[in-house]
Amino acid sequence: MKNRLSRLAVPYVIWMALFVVAPIVMIVVYAFTSAEGGFTLANFSRMGLYGVVFFRSFKLALIATAICLVIGYPVSYMMSKEGPKFQRVAMVLIMLPMWINFLLRTYSWMSILENNGLLNQFFQKIGLIGLCNALFGTNLDYFPMMNTQGAVVLGMVYNYLPFMILPIYSVIVKLDGSLIEAARDLGANGLSVFRRVILPLSLPGVLSGITMVFVPSVSTFAISKMLGGGTELLLGDLIEQQFLGGAYNPQLGAAISLVMMVIVVVCMVVMNRFGEGEEQAVML
Amino acid sequence: MSKELIRLRNICMAFDDELVLNNINLYINDKEFLTLLGPSGCGKTTTLRMIGGFTTPTSGDVLFDGVRINDVPPHQRQINTVFQKYALFPHLNVFENIAFGLRMQRRPDPSDPRKKTKIPEEEIRERVMEMLEIISLKGFENRRPDALSGGQQQRVAIARALVNRPKVLLLDEPLGALDLKLRKDMQIELKRIQQQVGITFIYVTHDQEEALTMSDTIVVMDKGSIQQIGTPEDIYNEPKNAFVADFIGESNIIDGLMVQDKLVQMYGRQFPCLDGGFAPGEPVDVVIRPEDIDIVPVEQGQLTGTVTSVTFKGMQYDIIVDFKGFKWLIQTTDHSPEGARIGIKIDPDGIHVMKKSQYSGMFGDYSSFSDEYDELDDASLALDEEESGDEE
């Protein structure tokens, strides 16, 4: 019975071999190959040149992840405390933007953030820009918001926030209510119940939320291209340039991808260790 | 033993217009083992949660040591709870589960009474170890709850509550999830712990045998009302109405007529009994326990009937006897074959007369005996039904 059912997994195993394992192998092979086809480490020796891009990518992804966590955790927590009807509606509202094409969503942020975009027009109307000029002696016609790191982070937060909320929510909502009652019964006030019981027990959700936001953020290229205007080059853009752009150099692109992948994997392993440690730290 | 600790005064509780508790009045003494007993949905758990502070009554007062505590949150009550499914913290080991309450406590600093301090680590260690000793789980302090058996988890849950030295321990069907053998052991264990720590236990169960074994006082509840309060002996020997008689043990409940004090009429015959205080000619319910009936030759019997079924139970036979269409359960060590005509004799102290109540006529006939008895007999089956009923 078990064997027969497990045969149903065969298509996915094939799929994974073809489209997950094979590409990774190809990336590794490419990364160690020169343009002429021989073995080389040259692709990696040039990595130092891109240190700034690496640093910026990780920094922005980290900031975006932190913001998602700060926004997402309370939302998940509040949601789980509400009635089932509220939860269903809230869930749909959170998922709703994801039904719209990713590029379209990001594109719409451009028209909001532009120099004469919606937001600046609004600030103009309420006199905020004039006020700012009067207060700080500046001479602005608009707030420059497009093509900044802030805009890129905003794009990441906007696009990936649901990936933070969903895993945390699904862990908290399944929390056994009697554990919370037990903690209260044993003398814990609201804050202690949260810190000692709810938070440690929701940590698995937090960890998978962080992973699900951080990984796509660090490798995104569309967001930085559209909202960063290409001035704030991120790893994703850099890699894209090597494959599709003018700087055509797939070997280098593969090497950058590989380094990024290794760093991300190391980060995740360290974080999961830290997560377990955290659980024990609370225990002590 | 006699000092009053908790009093429930005129408690009513309604959920969405449905009356769950109807004018509950109850006092609980210090160091007493009191059991709230009743079928599921009778309001016993709601009563317990109210004492614990997890729900507030719609009307009425909860008094603790003479002080009204209706609005005092659970963490400020000197009461701890053992939850139905233990509710051990899965992310903490046994030691930390037990230490949880102690770590939450703040008490006046001995050097500066205005300041509050935590309990020092050495004291926490000492008290947790002491509890581990009481529950015989020394050496388990580093285990996670999921690495413990049901009985062990149960004991950790008790230790976790007791370590705070509460004045009252609330236990919500704590043995429900254990198998029969373990349940029997834990009943004795619980009683021992209660006597050792010398505090009040308030225990909720639907298992009448558990209640009879452990309690000083039993409160029988049904449909949100208290049916009877008394010692196990009182409840068993002098049930107040047909519901209590049926719920506690096996009972034959027969329509009767009080002729005068100490004389009751059933089946047109008069039986001497010990009860009085009824109006002459008042209709009553008569409870006769199956073990209080003696089988005698037909000519000597106060009543005669026909045996319709015989079940061997090891210690005794359970026989069903038809008396003019009303079937009785009789437990006897003498074998009577199916179809035999027998006579019965009942001593005056075996006859319990009760006032008619809303429950009259609902219980006490064993004509559907075989089905009902199968269910009663199969404890696990009854328990399963109870549980699935609870979840609905």
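## Two crossing helices in chain A

Helix 4 of chain A and helix 11 of chain A form a right-handed crossing (the near helix is turned clockwise from the far one by less than a right angle). This is a predicted model, in which local features need pLDDT of at least 70, side-chain atom pairs count only at pLDDT 80 or more, and totals for chains, interfaces and linings use all residues. Residues are numbered from 1 along each chain as written, chains are lettered from A and ligands numbered from 1 in written order, and side-chain values use heavy atoms, without hydrogens and water.

The axes of helix 4 (residues 51-81) and helix 11 (residues 190-219) of chain A come within 9 Å and cross at roughly 140°. Axes are lines fitted to C-alpha atoms, for helices over the stretch in contact, with angles from 0 to 180 degrees between N-to-C directions.

Contact means heavy atoms within 4.5 Å. Residues of helix 4 including Phe58(A), Leu62(A) and Tyr73(A) take part, and those of helix 11 include Phe194(A), Ile198(A) and Val213(A). The contact residues comprise 16 nonpolar, 4 polar and no charged (Ala, Val, Leu, Ile, Met, Phe, Trp, Tyr, Cys and Pro count as nonpolar, Asp, Glu, Lys and Arg as charged, the others, Gly among them, as polar).

## An open sheet in chain B

In chain B, 5 strands form an open sheet with antiparallel pairing, in the order 17-21-18-19-20. Pairing requires at least two DSSP bridges; helices (H or I, at least four residues) and strands (E, at least two) are DSSP runs numbered from the N terminus.
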